[in-house]
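Here is a quick tour of a protein chain, written to be read with the model open beside you.

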Amino acid sequence: MSKNEKKLLMITCLISLLPIIYGLYFYDQLPQQIAVHFDVHNQPDNYFSKNLFVFGMPIMMCLFQIFGFIADLKQNTQKEANKKMTQVARWIIPVLTNVMYLATIAYALHTIDIRVVCMIVIGTMLLVMGNYVPKTKQSNSFHLGVAYQLNDRNYKKVARISGYLMMLNGLFFILSIFFHVYVSVAALIFLFIWTLGITILTFRMNKYEE
């Protein structure tokens, strides 16, 4: 691990732990049981105790960040080619932790619409990743579908299709907040359908190459 990589890991871990400060600031106002999962109608269906949420959630996400960071360093054989995508991926957990932590606190105190937050966050992630996917090269830590060893021509084709679908789906997610909740459900179904389609496509391509 280089000096810059160690520095980035430290910064992203600190940002992943930053929500603890938010939790301590609102600690006395928070209920003893905090909703952490919701159904499509914005109704909570799973809870954490206050202490588990305030302290445990950021610590758990920090550990995920460390594990994912180190695993990527060991497996990524196309570091330079996938540099931009790697940088995006390394910021997903810290940013997601802060946004969803604040949204959960906001719900506990004011009952906001969690669906809106989730759709915007997921949609933005898909738009950003969709922009970089066509520019990546396959590696142990990044590949599309089930096949790792597609030839370059087929991989570029799959990456291009995946990038367009990610961006289209991301836009679908964001726009769905202006409509009925089932439009957001349709965006999730669309995500499942095209990822399954990409999986089948890469499987068939890989089989054909053999």
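## Starting at Leu-24

Leu-24 counts as partly exposed, because its relative accessibility is 48%, and a residue has to be under 20% to be called buried or over 50% to be called exposed. You'll find Leu-24 in helix α2, which covers residues 19-25. Keep in mind as you look around that this is a predicted model.

Which residues does Leu-24 touch once its neighbours within four places in sequence are left aside? Val-54 and Phe-55. Val-54 sits 30 residues away from Leu-24 along the chain, yet their C-alpha atoms are separated by 7.3 Å.

## The overall layout

Stepping back, the chain has seven helices and two strands. Reading from the N terminus, the order of elements is α-α-β-β-α-α-α-α-α.

The chain has 210 residues, and 36% of them are buried. Now take the contacts between residues at least 6 apart in sequence: 71% of those join residues at least 24 apart.

## Where α1 meets α4

Two packed helices are described by the angle between their axes and the distance between the axes. For helix α1 (residues 3-17) and helix α4 (residues 83-110), the angle is about 20° and the axes are 8 Å apart. That angle is why α1 counts as roughly parallel to α4, the cut-off for that label being under 35 degrees. The crossing of these two helices is left-handed.

On the α1 side, the contact uses Glu-5, Leu-8, Ile-11, Thr-12, Ile-15 and Ser-16. On the α4 side, Gln-87, Arg-90, Trp-91, Ile-93, Pro-94, Thr-97 and Asn-98 take part. Sorted by type, the residues of this α1 and α4 contact come out as six nonpolar, five polar and two charged.

## A closer look at Arg-90

## Where α5 meets α6

Next up is the pairing of α5 and α6, which pack at an angle of about 160° with their axes 7 Å apart. That makes α5 roughly antiparallel to α6, since the label applies to angles over 145 degrees. As α5 passes α6, the crossing is left-handed.

From α5, the contact takes in Met-119, Ile-120, Ile-122, Gly-123, Thr-124, Leu-126, Leu-127, Met-129, Gly-130 and Asn-131. They meet Gly-163, Met-166, Met-167, Asn-169, Gly-170, Leu-171, Phe-173 and Ile-174 of α6. By type, the α5 and α6 contact has 11 nonpolar residues, seven polar ones and no charged ones.

## The nonpolar cores

How many residues make up the largest nonpolar core? There are 16, and those touching the most other members are Val-133, Leu-150, Val-158, Met-166 and Phe-173. Two or more residues come from each of α5 (114-132), α6 (152-175) and α7 (181-209). Helix α6 gives the largest share, with five residues.

Leaving aside its neighbours within four places in sequence, Met-166 is in contact with Leu-126, Leu-127, Met-129, Gly-130, Val-133 and Trp-194. There is also a second, separate core of seven residues, including Phe-38, Ala-103, Ile-114 and Val-121.

## Two loop residues with positive phi

Most residues other than glycine have a negative phi. Asn-42 is a non-glycine residue with a positive value, near 70°. Look for Asn-42 in the loop between β1 (33-38) and β2 (44-49). Asn-42 is buried, because its relative accessible area is 15%.

Thr-111 isn't a glycine either, and its phi is positive at about 55°. Thr-111 lies in the loop between α4 and α5. With a relative accessible area of 54%, Thr-111 is exposed.

Terms used:
Residues numbered from 1 in each chain as written. Predicted model: local features only at pLDDT ≥ 70, side-chain atom pairs only at ≥ 80, totals over all residues. Heavy atoms only, no water. Axes fitted to C-alpha atoms, helices over the stretch in contact; angles between N-to-C directions. Helix = DSSP H or I, 4+ residues; strand = E, 2+ residues; numbered from the N terminus. Parallel < 35°, antiparallel > 145°, perpendicular 65-115°, else oblique. Left-handed = near helix turned anticlockwise from the far one by under 90°. Contact = heavy atoms within 4.5 Å. Nonpolar A, V, L, I, M, F, W, Y, C, P; charged D, E, K, R; others polar. Buried < 20%, exposed > 50% of the residue type's maximum accessible area, 1.4 Å probe, protein only. Core = buried A, V, L, I, M, F, W, Y, C linked by side-chain atoms within 4.5 Å.
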